[in-house]
Amino acid sequence: MSTLVSWLPDLLEGLRHSLWLTFVSLLLGLPLGLVLGYVAELTPSRPVRWLLVALIELARGLPALVVLYLVYYGLPSVSIVLSSFWSVILAFTVSNAGYVSEIVRGALRGIPAGQLEACRALGIGRTRTFLSVIAPQALRISTPSLISYAAIVFQSTSLAVAVAEPELLSAAYNIGSITFEYVQVFVLAGALYAVVVVAASRLAGWLSARTAY
Amino acid sequence: MDFSLLPEAMLLTVEITLAAMGIGMVLGVLVVVARRSRFRVLRAVAVVWTDVVRGVPPLVWLMLVFLGIGLFTALGTAIIVFGLVASAYCAEIYRSGLEAVPRGQTEALAALAVPARTGQLRVVAPQAAVIAAPAVLSYAIGLVKDSSLASVIGVAELTFVANRAANRTGDGITPFVTVGVLYLLFSLLLAVAGKLGTQRLEGRWRTR
């Protein structure tokens with residue numbers, strides 16, 4: 001038991017880093033996904049829409065680990081060397097922008113087209129329409145899915161172990177490879193992941209029950 | 001990179017995906033039956049199972065079972081872990097399918113004195129299956145991508161082979177782009193096959 005407690009500082013430091021990775025990749029991925037989803041759903045130009053949908057589907061269809069390796073091992077071949085931290089962020093942003101934009105597209109479809117037409121009839125500019133009319137409602141509709149999605153991103157930060165980024169799973173693995181008490185340390189790390197994920201999904205469920213029309 | 005390794009690697013990716021999906025779809029039925037059981041203990045077990053299995057990242061499960069328990073080969077570990085994870089997700093998909101069948105039907109069956117088990121099995125479950133099929137299919141397509149995690153514990157599937165090739169040749173682009181295309185092809189194939197299967201299922205229950 002006392003050994004478990006002695007591992008906690010390292011594991012919590014790893015957890016902190018996992019949360020930080022989640023935060024940064026959401027910070028970059030959400031606006032990108034928002035813009036992608038918004039343009040893909042509302043652009044009048046068909047080729048643009050098809051191109052965006054194709055890109056979104058491509059990014060979603062590739063395993064995140066393959067994208068991560070491509071960034072980490074592939075970009076140096078073209079003289080772009082990123083640290084493992086930024087490789088993880090870039091890979092997650094690419095493979096997640098598609099998910100966010102799907103959520104956003106779904107939310108936008110939930111807003112009646114009449115509102116857009118009304119804004120145009122009232123002479124409200126495009127930017128203003130988006131910021132004051134569309135975005136607040138879309139955000140309200142999509143918040144529960146975005147929280148569940150944040151939980152998925154948090155789980156997927158565990159992939160960073162593959163490029164030796166010091167997050168929670170790496171911390172657990174390091175402890176395990178010294179002590180060989182893999183079961184205990186992975187159970188403890190798993191519990192830390194599960195606490196965060198289950199809390200987030202309960203929050204999402206509660207919010208979606210509350211905001212349902 | 002050495003392309004001759006790809007067929008075998010592809011086969012492993014397919015094997016992990018399909019075997020795990022098979023386990024998950026069957027075990028998921030047991031989990032959802034427990035979840036809807038009359039007995040509180042069974043229901044609690046099912047809830048804890050789905051929460052714990054889905055709350056812990058699959059990569060942690062893989063390492064826990066492979067390094068911690070150490071009873072199975074890497075391939076066996078991958079199939080078991082992804083199968084168990086799939087059982088939790090499938091159970092949730094089945095549950096929402098069952099809940100989407102109007103309650104009135106269950107009441108009508110009771111009013112007609114049809115035994116509960118017969119009614120659930122022959123009237124409610126088939127409709128729930130049709131409703132749940134598309135979600136099961138998209139889970140399976142997600143599993144194609146998740147199977148890449150098996151490379152971390154040393155299963156020589158697509159991502160593992162690409163990773164090794166990248167480390168040996170110093171070319172970090174060709175291997176990953178190649179396997180990326182293969183993943184997309186497999187997903188696409190699965191999507192088309194699944195769509196046909198779903199339509200057949202739908203057609204069969206509609207006409208009866």
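Student: Which pattern does chain B follow when read along the sequence, and what makes a stretch count as a helix?

Tutor: Chain B follows the pattern α-α-α-α-α-α-α-α, which comes to eight helices and zero strands; helices are DSSP runs of H or I with at least four residues, strands are runs of E with at least two, and both are numbered from the N terminus. This is a predicted model, in which local features need pLDDT of at least 70 and side-chain atom pairs count only at pLDDT 80 or more, while totals for chains, interfaces and linings use all residues. Residues are numbered from 1 along each chain as its sequence is written, and chains are lettered from A and ligands numbered from 1 in the order in which they are written.

Student: Why are α1(B) and α2(B) called oblique to each other?

Tutor: The axes of α1 (residues 6-35) and α2 (residues 40-55) of chain B come within 7 Å and cross at roughly 130°, where axes are lines fitted to C-alpha atoms, for helices over the stretch in contact, and angles run from 0 to 180 degrees between N-to-C directions. Angles under 35 degrees count as roughly parallel, over 145 as roughly antiparallel, 65 to 115 as roughly perpendicular and the rest as oblique, and the pair is therefore oblique.

Student: Which residues make that contact, and what makes two residues be in contact?

Tutor: Their C-beta atoms, placed from the backbone, must lie within 7 Å. B:V31, B:A34 and B:R35 of α1(B) take part, with B:L42, B:R43, B:V45, B:A46, B:V47, B:W49 and B:T50 of α2(B).

Student: What does the side of chain A that touches chain B consist of?

Tutor: In all, 29 residues of chain A are in contact with 28 of chain B, and α8(A) gives the largest share of chain A's side, 10 residues. That side divides into 22 nonpolar, seven polar and no charged residues, where Ala, Val, Leu, Ile, Met, Phe, Trp, Tyr, Cys and Pro count as nonpolar, Asp, Glu, Lys and Arg as charged, and the others, Gly among them, as polar.

Student: Which residues of chain A does B:V60 contact?

Tutor: Leaving aside its neighbours within four places in sequence, B:V60 is in contact with A:S158, A:L169, A:F186, A:A189, A:G190 and A:Y193.
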